[in-house]
Amino acid sequence: MAHERKCYDLPGVWGLLLPYNSDRKTDAGEQPQPPPSSRKKHKHRRRSSSSRRQLSEEYGSPTSGAPPKGDTSEQTWGAEISVYKMTLQETRLCGLLLREHFGEVVEKVGTHLLRSGAQNLRTIVQETNLSVDLVKKCLCVLVQHGACLFIAGRKGPGSPTEYRACCDRILRVLSYPRYIYTAKTLYGDTGELIIEELLQRGHMTMSSTVKTVADRLTQNMEEGHSLDYSDVSSTFSKLVETHFLQRCPPGGGAGTSGSAGPAEAPATPAAPAAAVSKALPTPESFPDCYTVPQVTLVGRGKRQLVPEDGEDQRNAKRAKMNSETHGDEGIYWQVNFERFHQHFRDQAIISAVANKLDQTSSEIVRTILRMSEVTTSPTATCTKPLSANEIFRSLPASYNIPRQILDQYLTLLVDDPMEFVGKSGESGGGMFVVNLHRALANLARATLESIVQERFGSRSARIFRLLLRKRHLEQKQVEDFAMIPAKEAKDMLYSLLSHNLVQLQEIPKTPDFAPSRTFYLYTVNQLPTARMLLQNCYKTVANLIERRLFETKENKRLLEKSQRIEAILASLQASGAEPEQLSEVEEMISAPEKQQLDVLRLHVNKLDSAENQVDETIFILESYISSTSTS
Amino acid sequence: MMADRGRGRRTLSFIVDSVAISRGDSLPPAVQQPTPVFPVSPAPLFSPDSYPQVIEQKPLPLTGGEEAEYLTALKQDFRGAMRSLPCFIQPAAVHRDVERYSDKYHLSEQMDGLTDWIIDWKRFPKELRVRIRKPSRDGAALTCLGGGQSVQMKKKKVVEKEEVLLKLETLEKKEEQESSEEEGEGKNKQKEEEAEAEEEYDEEEFEEETDYIMSYFDNGEDFEGDSDDNMDEAIY
C-alpha cells in the first residue's frame with residue numbers, strides 16, 4: 001500500500017503548501033486581507049481560526065499562502081509585504097516591546113494590527129473595544145515611529161484608509177542601544193544624542209533636533225558654557241552624508257493620494273488609489289533623500305533653569321511652543337536602519353577575521369570594506385573588485401607594511417576556508433572582493449555550531465559539523481567519520497533529531513517504504529535550522545522581558561519607596577541641607593530592604609544585558625536569512 | 001500500512017540493525033508524557049530524591065565589560081525616557097478601589113504632557129486628526145489630543161452653555177430692539193471683554209466649574225517630599 005501522508009497533517013505546514021482552493025470553505029480564514037466587514041463572515045473567520053490553533057502553533061496570523069485568485073488588491077502594498085508572515089513568537093515579542101516603550105494601550109492596538117493584517121479605523125475600534133480617540137492616538141504614535149503604514153482604501157476612492165503594522169520595524173527596537181552606541185563611537189556625544197532623540201521621537205525636523213540636542217549637551221556642561229548650534233548642525237550633516245540619517249518619504253504612508261508634500265521635496269507623485277503601485281516607495285527612491293536642507297539656525301544651547309514655581313515652568317513651556325521658522329518645515333528625518341545594519345555586518349566580518357587570522361589581516365579587510373562603502377548596495381553579494389594597488393595605497397598610515405607582505409596577506413585571506421575574501425582577476429596586482437553573502441553564511445554557520453556545542457556537548461557538535469559538511473550520511477557513516485562509539489553516536493543523533501536540528505531523509509529502494517529496504521540518511525539544512533533558531537531567539541528575548549517585568553512588579557512597592565526617597569534626597573541637596581537631615585532620610589530604607597534592592601538591580605541588569613546579547617545573535621541570523629532571500 | 005501488521009506476529013517498524021540495537025538490549029521506555037518544559041537532565045532511575053536535576057550543560061556566562069555595561073545603561077535610560085514622552089499613552093481610567101469626589105477634577109492633569117507633542121497633520125491621514133478646542137468662555141483651556149468620555153462631556157457642557165447665552169442675547173435684542181440696540185452692543189462688548197479677562201486668569205482656577213483652586217482637590221496621596229523639620233507651627 002502506498003505510503004500516504006497528507007500535507008496538512010504536518011504542523012506548521014498549514015498555509016504554506018496548500019494552494020488556495022475555492023472549494024475549501026475553512027480556508028477563508030487564511031486570506032491575506034480581511035473580508036469586507038459583514039457580521040457573518042467575521043464570525044466564520046474566528047471559528048475557523050480557533051479550530052486550526054493547534055495546528056498553526058507556529059504560524060499564528062493568516063497572512064501566508066498564495067493570494068486568492070482574482071484579487072489584485074494585495075498588489076498595492078508591494079511585493080515584499082504581500083508575503084507577510086507573522087509567527088507567534090514575533091507577535092508576542094512585538095507586543096512586549098510596544099508595551100515597554102509606548103504603553104499598554106498602544107500594545108493592544110499594535111498586536112491587534114499585527115495579527116489581523118490591514119484594517120481600517122472602524123474595524124480596529126470595534127474589535128479592540130477602545131474609544132475612538134484612544135485608537136486614533138495610538139495610530140498616530142505608531143505612524144510617527146514608522147511602525148505602522150497607512151494606505152488609502154483599496155476598494156476605490158471612497159473607501160477608508162487602511163493601516164498595517166510592520167513587525168520588522170517594531171523588532172528593531174531591540175537594537176536601539178546598539179545604534180546609539182555606534183553613533184557614539186563614530187561621531188561622539190553629539191552624534192549619540194542626535195540618534196537618541198530621533199529614535200525616541202520617530203521623525204523630527206533638523207532644526208528641532210539640533211535645538212534639543214544642544215540644550216541637552218549644555219545641561220551637562222559647566223556653568224557659563226554652552227554649545228553652539230552650528231556644532232550640532234555639522235554633526236547632523238555628517239550623519240546625513242554617511243547615510244545614517246535619511247529623509248522620511250513625503251506624504252507619510254504608502255500611496256496616500258492628495259496629501260500635500262512639502263515644497264522642497266521632489267514632486268514624486270504618490271500613486272493614486274486606483275492605480276497599482278509596483279512597490280512601496282522606500283525612502284531611497286526619492287532623489288532628495290540625503291540632501292541637507294538650507295536651515296537658518298543661529299544660536300546656542302539654552303540651559304534649562306530650575307523652575308521656582310510651577311507657574312513659570314508652564315509659561316516657559318508655552319513660550320517654547322511658539323515655533324520660529326527655520327526654513328525646513330515639513331522635512332522630517334529618520335534613522336536609516338539599513339545603513340547601521342551594514343555597519344554591524346562589516347564589524348562582524350572584521351572581528352571574525354581578526355579572531356581567525358590576525359590584526360593586520362583584519363585591517364586589510366577593513367580597508368577594503370571602507371573603500372567599497374559607497375559603491376556597494378546593501379543587498380550585493382560581494383563588494384566591487386579592488387586591485388591590490390588601490391588597497392596598498394589606502395591602507396591606514398599606521399600600518400606601513402611592504403607590498404610583498406600585503407600580497408602574502410591577501411593570498412592567505414583568499415585561501416582561508418572561511419572564504420571572506422575572493423580573487424576575481426589578475427589585473428592591477430590582483431582584483432579582490434569581499435564575499436558578503438558567503439561571509440554571512442559562514443558567520444551564521446558558526447553561530448549554529450556554537451549553539452549546538454553549548455547545548456549538547458562537543459561531541460554532538462562534532463556530529464553536527466560533520467553533517468553540515470557532508471550533507472547526507474547514514475548512521476554507520478556518522479559513527480565512522482565522527483570517530484564516536486556506536487551507542488553514544490546513536491544517542492546523540494537521536495537527541496539532535498528530537499530537537500529538530502538534524503533531519504531524516506528516507507530514500508526508498510522499493511515503492512513501499514519498507515524499513516528493511518530503505519536508506520535512512522541524516523542531514524542538516526542550514527537555512528531552515530537558522531530560521532528555527534531565530535524563532536527560539538525571539539522566544540528567549542520575550543521570556544527575558546517577561547521575567548524582568550515580573551521581577552519589577554514583585555518589588556514595585558520597594559522600588560517606588562526608593563524612588564521617592566531619592567527624590568527627597570535630591571530636593572534636599574538642591575536646597576542645601578545638613579548631612580544629618582540627609583542621613584535621616586537615607587535611614588528610611590532599612591538594611592534588608594537595601595539588600596533586596598541591590599539583588600533586584602543585579603537581576604534587572606543581568607536580564608537587560610542578556611537581551612542585548614541575544615539581539616546580536618538575532619542580527620546575524622536575520623542578516624543571513626535575508627541575504628539568502630535576495631540572492 | 002497499519003492494517004498490514006502481521007497477523008499475530010509482532011514486527012517492529014524499524015530495522016534492528018540500522019538502528020544499532022543488538023538483540024539483548026531492551027527497547028527504551030515508551031514516552032508517557034511530553035518532554036518537560038524547562039530542560040532537565042534525565043534523573044537516574046533509582047535515585048532517592050526524584051527532584052528534577054538542573055540541566056547538565058550550564059549556559060555560558062554573559063560577556064561583561066565596559067561596552068556591555070554601557071549598552072545596558074543605554075537601554076535602561078531609553079526605556080525610562082520613553083515613559084516620560086507624550087508617545088507613552090496611559091489608559092485614561094485609573095482603577096481605584098473607592099470612587100472619590102476628586103477624581104473628576106484630576107483628569108486634566110494628564111493632559112499637560114500631551115501639549116508637548118506637535119503633530120504635523122499633513123503626514124497623517126485626515127481621519128486621525130483630532131480637533132483642538134479653542135479656549136471657551138469659562139477660560140478653561142482644553143487642548144484635546146484624546147481623552148476619555150468625561151472630557152467630551154465637559155466640552156459639550158461648555159458648548160451648551162455658550163448656546164444658551166447666545167440665545168439669551170438674541171432674545172434680549174429682539175425685545176428691546178429700538179432703544180437698546182446700543183445697549184446690546186455694549187453688553188456684547190462687555191461680555192467679550194469679560195471673556196478675555198477671564199481667559200487671562202490662570203487656567204488652574206477655572207478648569208472646571210468649581211469655586212476651588214485645583215490644588216484643593218489634592219488629597220495628599222502623592223508623596224510630596226516635604227520634610228517636616230522646619231515647620232514653625234506647632235504640631236498638635
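User: Which residues have the most contacts inside the largest nonpolar core?
Analyst: In this predicted model, a nonpolar core is a set of buried Ala, Val, Leu, Ile, Met, Phe, Trp, Tyr and Cys residues joined through side-chain atoms within 4.5 Å. Buried means under 20% relative accessible area, exposed over 50%, and partly exposed in between (1.4 Å probe, protein chains only). The largest such core has 142 residues, and those with the most contacts inside it are Leu139(A) and Leu245(A).

User: Which helix gives the largest share of this core?
Analyst: Helices (H or I, at least four residues) and strands (E, at least two) are DSSP runs numbered from the N terminus. The largest share of the core is 10 residues, and these come from residues 176-201 of chain A, helix 8.

User: Which residue of chain B does Leu139(A) touch?
Analyst: Contact means heavy atoms within 4.5 Å. Leaving out residues up to four places away in sequence, Leu139(A) touches Val109(A), Leu113(A), Leu121(A), Ile124(A), Cys148(A) and Tyr163(A) in chain A, and in chain B Leu128(B).

User: How many residues are in the second, separate core?
Analyst: This core includes Ile565(A), Leu569(A), Leu572(A) and Leu597(A). Its residue count is nine.

User: What conventions apply to the numbering and the values?
Analyst: Residues are numbered from 1 along each chain as its sequence is written, with chains lettered from A and ligands numbered from 1 in the order in which they are written. Side-chain values use heavy atoms, without hydrogens or water, and in this predicted model local features need pLDDT of at least 70, totals for chains, interfaces and linings use all residues, and side-chain atom pairs count only at pLDDT 80 or more.

User: What share of the residues counts as buried in chain A, and what share in chain B?
Analyst: Chain A holds 23 helices and 12 strands, whereas chain B has four helices and zero strands. Of the 631 residues of chain A, the buried share is 48%. For the 236 residues of chain B it is 23%.

User: How far apart are the C-alpha centres of domain 2 and domain 3 of chain A?
Analyst: Domain bounds here come from an automatic or database domain assignment. Domain 2 of chain A covers 339-378 + 383-434, and domain 3 covers 536-618. Their C-alpha centres are separated by 46 Å.

User: Why do the buried residues of helix 22 of chain A lie on the same side, and what is their arc?
Analyst: The buried residues of helix 22 (residues 579-586) of chain A are Gln581(A), Leu582(A) and Val585(A). They share a side of helix 22 of chain A because the arc they cover around the axis is only 100°. The arc is that of the directions from the helix axis to the C-beta atoms.

User: Which helix do the buried residues of helix 22 of chain A pack against?
Analyst: Leu582(A) is one of the buried residues of helix 22 of chain A. Together, the buried residues pack against residues 556-574 of chain A, helix 21.

User: Which backbone oxygen does the side chain of Thr218(A) reach?
Analyst: Thr218(A) lies in helix 9 (residues 206-220) of chain A and counts as buried, with a relative accessibility of 1%. At 2.4 Å, its side chain reaches the backbone oxygen of Ala214(A).

User: Is Gln342(A) buried or exposed?
Analyst: Gln342(A) is part of helix 12 (residues 337-356) of chain A. Beyond four places in sequence, Gln342(A) touches Glu373(A), Thr376(A) and Pro378(A). Its relative accessibility is 12%, so Gln342(A) counts as buried.

User: How far apart are the end C-alpha atoms of residues 448-524 of chain A?
Analyst: An unreviewed UniProt entry lists this span as "domain: DNA-directed RNA polymerase III subunit RPC3 winged-helix". UniProt positions follow the numbering used here, feature names are shortened, and annotations may be inferred rather than shown by experiment. The span is 56% helix and 18% strand, and its end C-alpha atoms are separated by 11 Å.

User: What distance separates the C-alpha atoms of Pro508(A) and Tyr520(A)?
Analyst: Pro508(A) is in strand 11 (residues 503-508) of chain A and is partly exposed, at 36% relative accessible area. Beyond four places in sequence, Pro508(A) touches Phe513(A), Arg517(A) and Thr518(A). Pro508(A) and Tyr520(A) are 12 residues apart along the chain, and their C-alpha atoms are separated by 8.5 Å.

Key. A polar contact is a pair of N or O atoms within 3.5 Å; within protein, one must be able to donate a hydrogen and the other to accept it, and residues adjacent in sequence count only if both atoms are side-chain atoms.
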